[in-house]
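Trainee: Please show me the structure, and then let us go through it by question and answer.

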Amino acid sequence: MRALVSPSILSADFNNLGTDIEMINKSVADYIHFDVMDGVFVPNISFGIPVIKHVKKIAQKPLDVHLMIVEPDKFIEPFVEAGASIITVHYEVCRHLHRTIQLIKSFGAKASVCLNPHTPVAVLEDIIGDLDMVLLMSVNPGFGGQQFIENTYKKVAQLRAMIDKTNADCIIEVDGGVNYETGKKLLDVGANVLVAGSFVFSADNPSEIISGLKSL
Ligand code: DX5
Ligand code: ZN
């Protein structure tokens with residue numbers, strides 16, 4: 001098993017969210033991925049702290065919270081209080097990224113930075129040693145079900161080289177358009193965590209897809 005899997009509940013059935021969380025609990029998934037959108041950083045609005053707080057009551061996997069919001073510093077404490085184990089902020093919105101990372105860690109959560117498809121991996125050179133995870137977007141953030149951007153493989157390989165060279169204790173997560181084909185190639189170039197939304201939840205047997213991703 002070389003992959004960690006983080007199903008994205010953006011594609012879950014919100015009328016039966018509890019059922020989908022139970023499915024994830026019973027599956028071999030490693031985390032539960034939450035896409036928080038503010039309608040400012042991304043052209044969509046999803047859900048926020050109250051939903052995460054309620055899911056936390058029944059979730060048996062760590063909550064992997066992807067903040068697609070401007071000014072994330074304002075909300076880190078409430079998201080950790082709501083139950084987030086990993087907090088990801090976007091590089092593109094953080095004026096003082098080092099400060100934001102230390103803030104996340106000060107509340108006891110794992111700290112992660114996300115790069116949009118156009119943001120080069122090299123911008124992380126001076127912060128990589130402080131990060132628990134880097135999230136590479138393989139689609140433009142804002143929506144599930146988009147087509148995978150092929151340039152991501154190159155970015156994963158570059159990031160893997162940076163992490164290995166610096167001996168950083170940091171894992172690589174990839175988000176957007178992940179399926180068996182893209183997932184396998186991502187693992188081959190050095191990714192550790194696969195986020196998958198529509199591929200998992202549009203399947204007849206989502207739990208089987210999670211197992212399939214885990215054993216690529
Ligand atoms: C996109 C989100 C993703 C999304 C992935 O803005 O960050 O986590 O849920 O969805 P799929 O797997 O359908 O591309
Ligand atoms: Zn995400």
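**Burial, metal site and helix packing**

Mentor: Glu 173 counts as buried because its relative accessibility is 0%, where buried means under 20% relative accessible area, exposed over 50% and partly exposed in between (1.4 Å probe, protein chains only). This is a predicted model, in which local features need pLDDT of at least 70, side-chain atom pairs count only at pLDDT 80 or more, and totals for chains, interfaces and linings use all residues. Residues are numbered from 1 along each chain as its sequence is written, chains are lettered from A and ligands numbered from 1 in the order in which they are written, and side-chain values use heavy atoms, with hydrogens and water left out.

Trainee: In which strand does Glu 173 lie?

Mentor: Strands (E, at least two residues) and helices (H or I, at least four) are DSSP runs, numbered from the N terminus. By that numbering, Glu 173 belongs to residues 171–175, strand S7.

Trainee: Which residues coordinate the zinc ion (ligand 2)?

Mentor: Donors are N, O and S atoms within 2.8 Å of the metal (3.2 Å for Na, K and Ca); water is not among the atoms, so sites may look incomplete. At 2.0 to 2.3 Å, the zinc ion (ligand 2) is coordinated by His 33 (NE2), Asp 35 (OD), His 66 (ND1) and Asp 175 (OD).

Trainee: What is the geometry of the site of the zinc ion (ligand 2)?

Mentor: Six donors count as octahedral if opposite donors are over 155 degrees apart and all others between 65 and 115. The ideal angles for six octahedral donors are 90 or 180 degrees. Here the 6 donor atoms make angles of 67 to 164°, and the site of the zinc ion (ligand 2) is octahedral.

Trainee: Are Asp 35 and His 66 buried or exposed?

Mentor: Asp 35 is in strand S2 (residues 32–37) and His 66 in strand S3 (residues 63–68), 31 residues apart. Asp 35 and His 66 are both buried.

Trainee: How are H1 and H2 oriented to each other?

Mentor: Axes are lines fitted to C-alpha atoms, for helices over the stretch in contact, and angles run from 0 to 180 degrees between N-to-C directions. The axes of helix H1 (residues 17–26) and helix H2 (residues 49–58) come within 10 Å and cross at roughly 50°. Angles under 35 degrees count as roughly parallel, over 145 as roughly antiparallel, 65 to 115 as roughly perpendicular and the rest as oblique. H1 and H2 are therefore oblique.

Trainee: What is the orientation of H5 to H6?

Mentor: Helix H5 (residues 152–166) and helix H6 (residues 180–188) have axes that come within 9 Å and cross at roughly 25°. That makes H5 and H6 roughly parallel.

Terms used. Four donors count as tetrahedral if all angles lie between 85 and 135 degrees; four count as square planar and six as octahedral if opposite donors are over 155 degrees apart and all others between 65 and 115; anything else is irregular.
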